[in-house]
Amino acid sequence: MKTKMRVPLSMALGAALMMTGVAASSGAVTPDGAASPGPSAGQTQSMTMRVADVVVTAKISLPPGSEVQGSILGTLSITHNGTSAAMRSGRMTMVDPDGRSLVGAQFAATSAANTWTSRVPLSADAKSGIYQVSVAAEIAVTTSNGVVNVPIRTENPALVPFRAQRNIPAIWTSPSSAPAGSTISVSGAANMRSLATGDYHPATGQEVKVYFDPTGDAPETLRATLTTDSRGFFTTRQKPVGSGKWRAEMPMTDAGAKTVWTITYSERERTTTLRQGQVSATQNGHTAGDHLMTHDVVVGLAPVQRRVDVGSLGFTVGGKSGFVSADSRRGEGSFPDGYRVEREMTHAGVGTSAVNLVFNPTMPAGIYDIGIRDAMKACSAPDWDANDAASGISNCTHDVLVQDDTVTTIVVKRASTTTIAASDTSFTGPKTITLSGEVRKVQLVSGGGAADKPAPNTSVGLYFDPAGSAGATLQKTVTTGANGTYSTTALTSTSGTWIAKYAGTTLQASSQATVAITVN
């Protein structure tokens with residue numbers, strides 16, 4: 001009694017043929033590879049049989065596992081040393097991962113010479129996994145001495161993995177652009193196509209790795225390893241630290257082929273303090289939320305536009321209506337009762353919205369509460385029917401009103417300018433020099449409006465930063481006179497930089513200026 005062993009596909013067909021005592025050879029197997037952007041080449045296996053002086057080399061080709069839908073088509077092609085050949089009988093059979101026998105149709109001729117196919121139907125509940133593939137056929141080869149029947153058969157089945165096609169039809173960042181330093185959401189939806197029906201369903205419990213490739217020469221890095229939920233969704237909160245591309249990848253497993261998806265994210269320059277906050281609400285068992293990102297405002301005589309980016313939290317998207325509000329906490333000038341503005345959000349892609357707020361110097365300075373009202377849609381599950389990016393999140397149909405007047409705050413300050421000059425900037429030291437300058441502030445004026453005016457009685461810190469890496473230290477503090485100017489002497493013995501700093505207030509922005517000194 002022979003004991004049968006399961007062996008890899010790279011050996012199985014050739015090893016089985018060697019049991020006949022006839023010379024045999026086998027080729028390497030190419031497993032299926034990435035399901036996206038395209039399938040790999042199919043799997044092939046070669047074998048050689050000799051009967052008397054007749055030699056037949058047969059090659060069995062199987063499709064990539066990610067292309068299987070409802071059945072598996074095996075193609076048998078041969079070369080021989082006769083004058084012609086015909087299929088007498090034969091078929092391909094399989095045993096599926098559940099141990100069920102699957103019988104293919106008789107090999108049928110194709111339009112190509114010496115090539116036949118046998119199609120094995122799959123069960124309606126066919127699983128991804130290892131299929132045991134066997135082939136039995138008899139080839140009639142015509143020679144100058146007559147017809148010779150050559151058997152082509154496997155004694156031990158080949159073990160062939162057939163994997164479902166897994167897809168990431170949608171990956172998005174919320175938002176797609178934000179101020180430097182913001183925390184954003186990177187989310188996606190993954191699916192898997194049934195071997196039996198070709199239908200798509202959520203890729204549940206699958207590992208997804210999320211990478212970030214920053215613009216420039218820095219290398220791509222792994223940022224998160226996630227597991228898809230029961231809906232095939234995955235999400236992670238990230239701080240990009242620059243513009244670049246996000247990539248989501250499901251590694252190849254016995255259940256599915258490798259798949260990847262990329263999306264570009266842009267980060268905008270920011271010169272003031274970052275402000276961000278988030279809010280969510282739950283209605284009828286469904287939760288939706290937004291994350292707001294912006295930064296502080298310094299306004300001169302010209303109006304300043306400040307963008308507020310809105311990114312959806314989790315698997316939710318902004319609705320058709322909504323606004324962002326800015327509400328000052330204090331009154332001033334023409335707005336003794338404070339100032340409030342609402343701007344309708346512009347939706348620009350999945351989970352991405354924004355508004356532009358305009359601030360001018362006549363509006364109250366200080367803290368503004370930034371709020372939102374967003375008629376959002378929560379997503380219960382992807383719709384995989386069309387298998388594209390739009391359908392991947394199309395079941396976002398559950399209404400959730402997200403509203404909060406204080407999601408985050410920004411600080412609005414009026415601008416200031418500070419100057420500094422030295423009586424001598426290059427000399428043989430040490431030497432006492434005169435440092436002088438001015439402080440001006442954008443201020444409200446009586447009768448309405450604003451002006452850039454000298455700032456009397458204002459403290460200015462004078463710092464010296466010697467050449468090298470020592471750093472700046474405070475040397476003295478002076479106060480501006482009635483005309484907003486200051487003047488003082490300072491002993492300087494080394495090269496470096498004098499710095500005049502106005503520290504600012506809760507309503508006035510800080511400012512500074514420098515003058516370089518060379519001591520020979």
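Modeller: Let us begin with strand pairing, where two strands pair if DSSP finds at least two bridges between them. Strand β34 (residues 431-444) and strand β38 (residues 485-492) are antiparallel partners joined over eight bridges. Within this pairing, Leu 435 stands opposite Thr 488 of β38. Strands are DSSP runs of E of at least two residues, and helices are runs of H or I of at least four, numbered from the N terminus. This is a predicted model, in which local features need pLDDT of at least 70 and side-chain atom pairs count only at pLDDT 80 or more, whereas totals for chains, interfaces and linings use all residues. Residues are numbered from 1 along each chain as its sequence is written, and side-chain values use heavy atoms, with hydrogens and water left out.

Colleague: Which residues of β38 form its covered face, and which its uncovered one?

Modeller: In a regular strand, side chains alternate between the two faces of the sheet. In β38, Tyr 486, Thr 488, Ala 490 and Thr 492 make up the covered face, while Thr 485, Ser 487, Thr 489 and Leu 491 make up the uncovered one.

Colleague: How many aromatic pairs are found in the whole structure?

Modeller: A pair of aromatic rings is described by the distance of the centres and the angle of the planes. Rings of Phe, Tyr and Trp (its six-membered ring) pair if their centres lie within 6.5 Å; planes under 30 degrees apart are stacked, over 60 edge-to-face, and the rest tilted. The search finds seven such pairs. One of them, Phe 233 with Phe 315, is stacked, at 3.9 Å centre to centre and 15 degrees between the planes. Phe 233 belongs to strand β17 (residues 233-238) and Phe 315 to the loop between β23 (304-312) and β24 (316-317), so the pair ties together parts 82 residues apart in sequence. Both Phe 233 and Phe 315 are buried, that is, under 20% relative accessible area with a 1.4 Å probe and protein chains only, where over 50% is exposed and in between is partly exposed. Ring pairs also link Trp 172, Phe 233 and Phe 315 into a cluster.

Colleague: Which residues touch the most other members of the largest nonpolar core?

Modeller: In soluble globular proteins, nonpolar side chains tend to be buried together. A nonpolar core is a set of buried Ala, Val, Leu, Ile, Met, Phe, Trp, Tyr and Cys residues joined through side-chain atoms within 4.5 Å. The largest here has 34 residues, and Met 92, Met 94, Phe 107, Leu 122, Tyr 131, Ile 152 and Phe 162 touch the most other members. Strand β8 supplies its largest share, six residues.
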